[in-house]
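Reader: Could you show me how to read strand pairing and helix packing in a model, with the cut-offs stated as we go?

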Amino acid sequence: MAAARCSVEFLSEFSDCQSVRFIQHDTNLFLTSGHRDVLIFSVQDRKVKTVIQFDDSVTCLDLTSSDDKHRLYALCKNGGLYCTPLPQQLSSSSVNKSPEPMLHVVSNDSLVLKNAGLQAFTIVKKILVTLSLDESVWSFNLYEEPGSKPFCKLAHFQISTVMTCCLSVTDNEKSVSSPPVLTCIYPEGSTSVKTHQSDLHHHLEPHLFRLLFGVDAALVSSPVILCGLPDGRICCFPLLVPTLIGPRGEQRSPIRVLQSLEQPIVFIGTCISGEHGPQSLIAVGQRGKLLMVRSKPRSSEGKETDYSFNEHSVRGPVLCACADDKRLYYSSLNDLHALQLTTSSSSEATGTEFQLQALISNSLGVCRVIALAGPYTNPTGSVQLLALSSSGRLMRVNLPQGSEKGILSRLSSSLAGQRVKDLLASIGNVWERAESLKQKLQEKNESLKQLNQVVNICSLLLDSNGNEKQSNMDTKPPISFLGAARWSSLLQKTSLTLTCVLKNSSDCTLEHGWTLCIQVHPLYQHPNTESSSSSYSFPLRKLDSGQKLDVTIPLESNGGLFLPVKVCCSLSFSLSALFGPDASSPGVYQLLKEMGSISAPLSTLTVDWLDVLRLEGSFSHNNISCNTISDGIQAFLRSRGVFTKHSDKTSKSGPVAVVVRVSIELLKSKLHLSATSSLEASMSVLNWLVSPETIGSVKSPVVNAYSPDGCSVKIMAKEVTLGDFYSEGPLEALEICVESTSMAAVCGLHHAILRRLRDLLRDSSAQCGHTKKLKAQSLCEAVRHVESLYKDLQDAQNQTALGGEMKTNQRSDILFHIFLQLRANPLVIL
């Protein structure tokens with residue numbers, strides 16, 4: 001047997017088409033794609049011979065012929081119905097050999113009807129049937145088609161519209177227009193499959209025609225107009241039967257509703273040819289509902305035959321359809337199908353009931369077809385379809401001559417085996433594609449899951465930082481960062497490091513892609529000096545809930561230690577970690593890599609001289625003394641990040657001391673001290689300053705330690721009574737004294753103590769005692785003392801500005817004297 005596969009020929013290509021109407025006459029195809037132009041395409045020559053141009057977009061076409069004259073009717077979007085004769089070169093035997101098509105512009109004289117609500121029309125036996133929508137009424141108008149205008153109106157019928165809001169409409173169906181379908185059914189004729197001819201009306205065998213449309217229509221052989229409305233109803237009325245008169249003399253409408261598919265109608269026709277003609281009336285809905293109306297066979301008891309309505313379903317949405325005597329051809333969005341519609345007896349022995357076989361649909365392998373013409377039988381016996389795709393390709397689909405058993409039954413065993421192999425190979429390809437899509441979907445799901453967790457972690461960090469001032473001291477953040485300065489010794493070299501602990505107390509997991517970022521930079525940096533800031537990054541592999549990470553970083557940089565330093569910690573996430581470099585979306589990975597990362601702050605720490613003190617006994621003493629006043633001033637400037645070129649020295653040397661006085665009442669209120677004696681209060685304050693993490697480590701009111709530069713440092717605390725301070729009585733104050741031979745250590749420790757007291761005063765959770773009146777004499781003495789020191793500083797500056805000579809050591813002595821005077825008699829912190 002010959003192969004049963006269809007072949008496709010590409011005849012021509014037009015522009016993209018969305019709403020197409022075309023009809024075929026002989027070898028010419030009349031086509032419009034919703035524009036002003038109607039193209040007359042020669043299938044034989046495979047080119048456009050003539051272009052007929054109308055005033056507006058054409059929505060419907062029809063042909064009529066009389067006395068060897070052909071006229072084209074066209075309905076435009078503006079509601080105008082035009083009638084124009086065909087160009088003579090189409091009706092004559094001459095062939096247009098010009099490469100360019102001829103243009104024929106339709107004048108306004110060709111307008112025969114004008115109705116803004118006109119939706120569809122057809123011409124049957126010189127009678128023009130129009131369908132229009134006026135508000136909520138469908139109107140059928142019948143006109144006699146004379147040789148010239150105007151048309152004579154013969155009849156007028158109406159049917160009300162119905163509400164279709166209950167019908168669900170998909171997005172694909174919204175994009176497809178649903179105009180009414182007008183079809184004419186004749187009571188006699190040959191099969192539905194035709195050769196190239198102009199008569200495209202359908203026929204129905206007389207017996208079923210009489211059962212469906214009545215005896216009157218059958219006796220006068222009246223054609224019947226069938227109309228498929230967008231609401232799904234199928235209406236019919238005979239064309240040549242006289243109008244019936246009701247009992248009150250009113251004109252009765254001949255319109256009758258056969259059935260409702262509850263979805264827009266796409267096609268109405270006939271099929272399944274028998275001895276006397278097509279034996280079935282079929283209708284196809286846009287969503288795939290198929291209606292078949294057939295006559296039942298005569299029963300054994302001799303009862304009169306009747307007809308039955310059978311509904312089936314095909315794969316929708318159905319864009320277009322056509323039928324021959326055995327099959328229904330319809331197009332969905334993805335394929336063109338051939339549905340076998342032949343009948344057979346279910347019980348040949350008894351001959352009781354005549355049933356329809358199971359519907360078998362075969363794929364023809366042509367997709368995106370939006371319009372069909374035919375089918376036609378060529379001289380070789382194969383069936384041909386003319387199809388137009390949504391991309392504008394006009395195709396001729398050739399099918400082998402079918403049998404009663406359908407297309408698949410014509411396959412030989414070898415071809416059937418090859419078909420099975422092809423199907424298995426297709427299944428394998430689909431499986432591979434499904435696995436690839438499944439892998440991509442899993443990757444995207446994992447990326448979205450990870451991104452969701454990243455957003456949750458950032459939200460936790462931002463919420464905890466925003467509520468840091470308002471939160472309770474006992475409330476721990478979900479992700480915390482702590483740091484402490486530690487001295488370590490390696491190969492007889494002592495270095496200062498910062499031990500950091502990142503603890504995850506949240507329910508989230510810090511996975512791959514997260515990085516712990518630590519930045520260390522001095523609080524005071526001279527603009528002319530190089531930056532001594534340092535940055536450290538620690539990528540995280542996986543930090544589960546309840547786990548912690550310990551890291552250690554050096555505090556000394558560029559060969560020196562510049563205190564105090566500020567330590568800023570943050571967590572950053574690299575967006576490129578959402579997709580790995582080997583992922584199936586390299587473009588997304590490159591985009592995320594270029595976008596960088598997101599960062600959320602954790603906390604900020606300050607490491608000062610009090611944090612890096614080495615208590616006596618913990619390390620071997622390597623005394624590096626600063627004996628000269630010039631060295632002390634240079635050390636003080638270095639502690640502030642200022643470097644000088646002068647290195648003049650004087651012979652003066654000795655320890656330097658600074659004093660800070662704080663009200664005992666303030667300390668007890670802020671630090672919640674329970675000590676009763678002055679000794680216990682002094683040790684508690686020193687323990688708070690020197691070792692707040694280890695409570696009770698200070699056992700004496702004097703702390704001996706070593707500064708980072710190796711010089712000895714002494715910090716003392718004692719309670720003093722200031723009798724001339726308050727007018728109501730003496731003031732109990734705690735005097736904190738820092739003494740060392742290192743000027744840098746004294747300045748650094750003094751600054752660290754003042755910073756802690758400033759932070760203590762910022763805490764508003766504790767309330768201080770009542771305010772007392774200060775003695776005016778005490779305030780006056782403090783002001784006079786400050787004015788005296790300011791006058792000494794001004795004298796030194798004026799002498800230098802006026803050109804006076806002042807040695808470097810003399811200037812240093814004056815500045816150093818002013819510094820000691822300011823620190824030796826400080827004001828009391830209340």
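**Reading the sheet and its helices**

Author: In β44, the bridge partner of Val658 is Val738. This is a predicted model, in which local features need pLDDT of at least 70 and side-chain atom pairs count only at pLDDT 80 or more, while totals for chains, interfaces and linings use all residues. Residues are numbered from 1 along each chain as its sequence is written, and side-chain values use heavy atoms, with hydrogens and water left out.

Reader: Over how many bridges do β41 and β44 pair?

Author: Two strands pair if DSSP finds at least two bridges between them, and elements are DSSP runs numbered from the N terminus (helices H or I, at least four residues; strands E, at least two). Here β41 (residues 656–663) and β44 (residues 731–740) pair in the antiparallel sense over 8 bridges.

Reader: Which strands does helix α10 touch?

Author: Contact means heavy atoms within 4.5 Å, and angles run from 0 to 180 degrees between N-to-C directions, the axes being lines fitted to C-alpha atoms, for helices over the stretch in contact. Helix α10 (residues 743–762) packs on the sheet and touches β41, β43, β44 and β45, its direction making about 10° with that of β41.

Reader: Why is α10 described as largely enclosed?

Author: Buried means under 20% relative accessible area, exposed over 50%, and partly exposed in between (1.4 Å probe, protein chains only). Helix α10 is largely enclosed by the rest of the structure because 15 of its 20 residues are buried. Strand β4 (residues 37–42) is likewise largely enclosed, since 5 of its 6 residues are buried.

Reader: What is the bridge partner of Leu29 in β4?

Author: That partner is Phe41, and strand β3 (residues 28–32) pairs with β4 in the antiparallel sense over 4 bridges.
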